[in-house]
Structures are given as C-alpha cells and as structure tokens.
Amino acid sequence: MAKITGFETFDVRFPTSKMLDGSDAMNQDPDYSGAYLRIKTDSDMHGDSLIFTIGRGNEVQIKALDILAEKVVGLDTADAFDNIGDIARQLSGDSQLRWLGPDYGVFHMGAGGVLNALWDLFAKERKVPLWKLLSDLTPEQVVNAVDFRYITDALNRSQALDILYRQLDYKSSNEAKLRTQGVLAYTTSPGWLGYTDEKMLKLTQKAMDQGFTLLKYKCGKSLEDDKRRLRKVRELVGPDFSIAIDANQVWDVDEAITWINELREFKLRWIEEPTSPTDVVGHAKIAAGVAPTAVATGEMAGSRIIFKQLLQSKGFSVMQIDATRVAGVNENIANILMAAKYSVPVCPHAGGVGLCEMVQHLAMFDAVAVTGHHPGRIVEFVDHLHEHFVVPTDIQNGSYMVPLQPGAGAEMHQASIDKYQFPSGSYWKNGE
Ligand SMILES: [Mg+2]
C-alpha cells in the first residue's frame, strides 16, 4: 500500500455544443466537461476521478476539489480503505464548508470527486475493477462506508445489512451471469432535441440494429414537436418497443401532468425529470397524475436525503443515480440500498462524459451484491467521447459488458487531458 503525497486538478472541456450533442429542453448548448482530480501517491499508483459539468462552472468545481483533496494528503491508503466511511463524513461534514450545502451542491460533489478518486486508487492497488472490489466487500464493510445520518427513518444499518445478507448466497452466481451477460443498456443517442427528424430516425434505426431494447428521446419544448417526433419514432420501432422521454425539468407540476397525459398514446416506459429535481411533493403529484406512465428522476438529486423522500412519497418509480452528483461511491451505496428496501429499480444516469465509464460499476455492484439480476435495471448509454478513457465502455448487443481492468473508470488519457484542458490546451488555444 502507499501514502498519498499530493494531487493535481485539470479543467477539461469538450466542445460538444458545436454538434448539439447533449442538447435538451433545458440545456441547449452543453460543452461536456470534467473537473478532473488525480490523487498521487509515493508509488506509481494514482487515483483519478472527474465531476461532470456542462462547461462554465467547471472552474468553481475545480476550486472545491482543490480545497477538499488537501484533506486526504498524507493518508496511508490501507488506513483510508479501512476508514472510508469516516473520511466520507469528514469531507461532506467540514464544519465551515457545509454552510455552502449542506449535503448538496459544489462542495458535496467535490467530496464525491475525492471519494471516487480514492475508490479508484483502492481498486487499482488491489488490481480489480471497482464493481468487483465493492461486490467482494463483506456486508459490514459495505454499511461501514455509508453515512446513515438523516436516512434512518427509511433505512437503518441493520436493515441494510439484512438486504446485503439476503444476496450473499447468490453473489457468485450473480457474478458469473454478469461476466457473460453484463447489464442491460439503453441509449439516448438518437434523441437529442437539436437533431432533425431525419437524423433522429436514422440513429433510432442504428440503435435498434445495435441491439438496444429501450430508446430515450428529449422532449418538452413544444407539444406539437413532441407528438410529431414520437409518432415518427413509434412508426419506425413498432407498437411494442420500449421508448422513454426526458423533459430535463422544464415543466411546472400541473403543466407536466397535462403534457404527459397528452402523450399517453405513445405508451412511454417512463417520463424523466418532469420538474424541479428538488420538488419531492411535486413529483408525487405528477406520479399520481400520469399513472400508469412511470416517473423517473435522480440525475440532479443532490443527496441521499432527496432520494429518501422520493421513495417515501412515491415520487418516482425509477431511481436514476449519477456517479458524480452526490458524494461519490459511498452515498450511491446508500441510494442503491434504499432503492432495494423500497423495491424501486436503479437505472443509472450516464449521459455526459465519463459517466458511463463510472456508473456502470455501481449498477454491476447492485447486480452482484444487492438486488441481483432483474429486468427492471437498465443503464443509460450515450455514444460520445469514450475514446478519451483508458478503460472505455464495452457495449455489446445492447448491454454493458464488464470492465475487467483495475480502477473505477474515470481515468482519461493524458493526451486528451492536455488537448482539452481549458483554456490552455491545444484545442482551446489553436482549435486543434
Ligand atoms: Mg436525463
């Protein structure tokens, strides 16, 4: 094992706004970006993570990483692994910084960046991918990583242990199945709002040919446009193929109910982010008002506490965790365990850059050690920017295949970091 000696941060931005990749009703010109952290040790091992942003603001997220990563310098990595739950609580609970949250926002995400880099380091030291490291933890080790503060009315430590012990006898068969079949993926690649109908249909056909069994389309700018687009998609995919839509928070609550019910004929598997991600009561009203259409949300749910309330209030029936929105692997373990308690499937969010590479590990941990394999779990995939990662995703026949290389997935090629570092990298300086 090693000692943490320092860290570096990089402001990495990709010019995705030029192609309208990633465009939706709320985010019209995203430049997919990463506030990138590398924790260095006295060995040649390093732990990498990134926090996804969509451009401006990346520098603020970097600043939070610079402040928080300082707290782990000097730690012995074996001690850090044994005490990762305490480290998580210290990072999120800094007595002065938490004033700027608490438990959500730039510093909470910054804590997640540091924790995810530590988990990357732990996995690399043990020469295993993160999903395997997490899956092989004992139930006690798993719950020790979780901060149960503010969630014990939904899930306490002994209930979490029960969930994990229930799966214990099945872990090896779950892992064997994972290694051959992976976990189901769906794609949003055909559905960006800035695409023409022609491009949308061409990419829809391509995604079906690639074996995806669920496709997702952005919506919410114009009801007439949504109806036209969904009608064309339904004509192409047929009556039984699963399609979902994503409004990216554009509606007020009552508007959402009216709008979604206008689209009922298209038999949607879910409506995603219908309104403000913090409006738990609003989500519950929408969920009741649009049933049997399912409501999905979570990519901007800033903490386990919001997820708890969404579960308690039946505000959603699909939990969409994000690898970098909350305080890292630790808080996402809490989210996955709470979802298991309430029998809500976890279908991770993974647009953006690096999110597919990272969040697949959490879905695979869920499949091996928490809820096992079931058809309700399906993980988002978008086919952008994977070439910049040391371990890019491996999608085959509509599923994420298991990464076997050590680490947590976020490490980028140094050449990519150098080229797209903002504003000094060669792309941003010279356009190449
Ligand atoms: Mg979304």
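Which residues does Leu193 touch, not counting residues up to four places away in sequence? Leu193 touches Ser23, Asp24, Ala25, Lys218 and Lys221, where two residues are in contact if their C-beta atoms, placed from the backbone, lie within 7 Å. The structure is a predicted model, in which local features need pLDDT of at least 70, side-chain atom pairs count only at pLDDT 80 or more, and totals for chains, interfaces and linings use all residues. Residues are numbered from 1 along each chain as its sequence is written.

Leu193 lies in the loop between β4 (183–191) and α9 (197–209). Helices (H or I, at least four residues) and strands (E, at least two) are DSSP runs, numbered from the N terminus. Leu193 is buried because 24 other C-beta atoms lie within 10 Å. A residue is buried if 20 or more other C-beta atoms lie within 10 Å of its own, exposed if 12 or fewer, and partly exposed in between, with C-beta atoms placed from the backbone. Leu193 and Asn27 are 166 residues apart in sequence, and their C-alpha atoms are 9.8 Å apart in space.

Helix α9 has 13 residues, which at 1.5 Å a residue should span 18 Å, and the distance of 18 Å between its end C-alpha atoms agrees. The expected span is 1.5 Å times one less than the number of residues in the helix. Met200, Thr204 and Ala207 are the buried residues of α9. Seen down the helix axis, these residues fall within an arc of 70 degrees, so they line one face of α9; the arc is that of the directions from the helix axis to the C-beta atoms. The buried residues of α9 pack against β4, β5 (214–218) and α10 (223–237). Exposed residues Glu198 and Asp209 are carried on the face turned away from the buried side of α9. Gly211, which follows α9, has a positive phi, near 100 degrees.

In helix α11 (residues 253–262), the buried residues are Ala256, Ile257, Trp259 and Ile260. The buried residues of α11 pack against α10, β7 (270–272) and α12 (280–290).

Ile321 is located in the loop between β9 (318–319) and α14 (328–341). Ile321 counts as buried because it has 27 C-beta neighbours inside 10 Å. Not counting residues up to four places away in sequence, Ile321 touches Gly298, Asn332, Asn335, Val346, Pro348, His349, Val359 and Leu362. Ile321 and His384 are 63 residues apart along the chain, and 20 Å separates their C-alpha atoms.

Helices α8 (residues 171–181) and α15 (residues 355–370) pack at an angle of about 145 degrees, with their axes 7 Å apart. Axes are lines fitted to C-alpha atoms, for helices over the stretch in contact, and angles run from 0 to 180 degrees between N-to-C directions. Lys171, Asn174, Glu175 and Leu178 of α8 make the contact with Met364, Ala367, Val368 and Ala369 of α15.

The domain assignment, which comes from an automatic or database source, gives domain 1 (4–148) and domain 2 (169–415). The centres of the two domains, taken over C-alpha atoms, are separated by 22 Å. Domain 1 gives 47 residues to the contact and domain 2 gives 51 residues. On the side of domain 1 that touches domain 2, at least two residues each come from β2 (33–41), β3 (46–53), α3 (84–92), α4 (106–125) and α5 (130–135). The largest share of this side, 11 residues, is supplied by α4.
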